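Hi,

Here is the structure I promised to send over.

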Amino acid sequence: MTKETRTRILAAAIEEIAEHGLGGARTRSIAERAGVNNALVHYHFQTREDLLVEAATTAFAAMAEMAEAPLQSDSVADGIDAMSEMIGSIDPSEPGWQVIMEVMLHARRIPRLGEFALGFLEQYRAVLEARLDAAVADGRLP
């Protein structure tokens, strides 16, 4: 039940952030959304910032699966097509994407979020660059 409760709290936090932004997200509202008492939220997450950072990393992880698919394709052309399709399918009203936008907006004010977002983007860029370098090296891309 503890892992399930934590998962519900994180899902509620993502919804709360999407609806009210990082600055407007309140632990009491998150607890209500998750169907738990406020003390249980603080049992699982010592601080409000801990909760918000973990909710953000959870949202990023979910979106990362979609963003990684183009990097795994067999050819560069297929990868570019998959990336174009992925970008075209983004629904900015989806809570996960709204959280990602909130993270980008608040990354400078909440250092832990900024470090996480920067690390994520650097890792994605490095994988993409390696894929493109490999395609150039073996002649699949000029």
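Is Glu-49 buried, partly exposed or exposed? At 35% relative accessibility, Glu-49 counts as partly exposed (buried is under 20% relative accessible area, exposed is over 50%, and partly exposed is in between, with a 1.4 Å probe and protein chains only).

Before the rest, some housekeeping. This is a predicted model, where local features need pLDDT of at least 70 and side-chain atom pairs count only at pLDDT 80 or more, while totals for chains, interfaces and linings use all residues. Residues are numbered from 1 along each chain as its sequence is written, and side-chain values use heavy atoms, with hydrogens and water left out.

Back to Glu-49: its side chain meets that of Arg-112 in a salt bridge, at 3.4 Å from N to O (the cut-off is a Lys or Arg side-chain nitrogen within 4 Å of an Asp or Glu carboxyl oxygen). This pair ties together distant parts of the chain, with Glu-49 in helix 4 and Arg-112 in helix 7, 63 residues apart (helices are DSSP runs of H or I, at least four residues, numbered from the N terminus). Arg-112 is partly exposed too, with a relative accessible area of 36%.

There are 7 salt bridges in the structure. Another one joins Glu-19 and Arg-33, whose closest N and O atoms are 2.6 Å apart. That pair also links distant parts of the chain, from helix 1 to helix 2, 14 residues apart. Glu-19 counts as exposed because its relative accessibility is 53%, whereas Arg-33 is partly exposed at 33%.

Now for the inside. The largest nonpolar core has 29 residues, and Ile-9, Ile-17, Leu-51, Val-99, Val-103 and Leu-113 have the most contacts inside it (a core is a set of buried Ala, Val, Leu, Ile, Met, Phe, Trp, Tyr and Cys residues joined through side-chain atoms within 4.5 Å). Helices 1, 2, 4, 6 and 7 each supply at least two of its residues, and helix 4 gives the largest share, 8 residues. In soluble globular proteins, nonpolar side chains tend to be buried together.

Finally, Ala-61 is in helix 4 (residues 48-68) and counts as partly exposed at 43% relative accessibility.

Cheers
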